[in-house]
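Welcome, and please open your viewer for a short tour. We will go from one selection to the next and see what is there.

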Amino acid sequence: MMEAPTVALLRLAYNYLADEVGAAVRTAAPDQRPSHGNVMEQLDFQDGQRLTDLAAGAGMTLQSTGELIDQLEALGYVERRPDPNDRRAKRIYRTAKASEASSIAAHTAERIETELGRLLGPQRLSALRHDLTRIVEAKGGTARRPIDR
């Protein structure tokens, strides 16, 4: 039997882990859908972001991102406010309602990190993190902590 390609294994691992975070979030925020997480994890807590930046960070089109922001705004998880640097633009901010779900996501990610440390051992987990960071940066991205409180 042929081994699965690395990219397929990365996708499967991501899907399992993201599903675990999503399931935990939906305990506090049952009205959130998995697709909302693509945008929510991109949102900065302090400064908010423009729609174009959110779309780029999520790897989505402006139209799809806008639809998700509309849904999240209607559900009370985000709000649009004027951009202080450009009156024509809006910035998107998390609301107080989003903080509980974000906290649960962060705690779940920390628990998963601990489980991965037990599964792989601290040295192998550190090497995995280093290698994944190298891949992200080689493709032009930045390795930042997407799930934050």
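On this tour, two residues are in contact when heavy atoms of theirs lie within 4.5 Å. Keep in mind that what you see is a predicted model.

**Stop 1: Met 40.** Select Met 40 and look around this residue. Which residues is Met 40 in contact with, leaving aside its neighbours within four places in sequence? They are Gln 32, Leu 72, Tyr 77, Val 78, Arg 94 and Ala 98.

Stop 2: Show strand S1, residues 78-83, together with strand S2, residues 86-94. The two pair in the antiparallel sense, over 6 bridges. Val 78 has Arg 94 of S2 as its bridge partner, and Arg 94 is also one of the contacts of Met 40. Now move to Pro 82, whose bridge partner in S2 is Lys 90. Between the strands, look for the hairpin that joins S1 to S2 through 2 residues.

**Stop 3: helix H1.** Next, select residues 6-28, which form H1. This helix of 23 residues reaches 34 Å from its first C-alpha to its last, close to the 33 Å expected at 1.5 Å a residue. Which residues of H1 are buried? Pick out Ala 8, Val 21, Gly 22, Ala 24 and Val 25. The buried residues of H1 pack against helix H5, residues 96-120.

**Stop 4: where H5 meets H6.** On the H5 side, show Glu 113, Leu 116, Gly 117 and Leu 120, which make the contact. On the H6 side, the contact is made by Pro 122, Arg 124, Leu 125, Leu 128 and Arg 129.

How values were computed:
Residues are numbered from 1 along each chain as its sequence is written. This is a predicted model: local features need pLDDT of at least 70, side-chain atom pairs count only at pLDDT 80 or more; totals for chains, interfaces and linings use all residues. Side-chain values use heavy atoms; hydrogens and water are left out. Helices (H or I, at least four residues) and strands (E, at least two) are DSSP runs, numbered from the N terminus. The expected span of a helix is 1.5 Å times one less than its number of residues. Buried means under 20% relative accessible area, exposed over 50%, partly exposed in between (1.4 Å probe, protein chains only). Two strands pair if DSSP finds at least two bridges between them.
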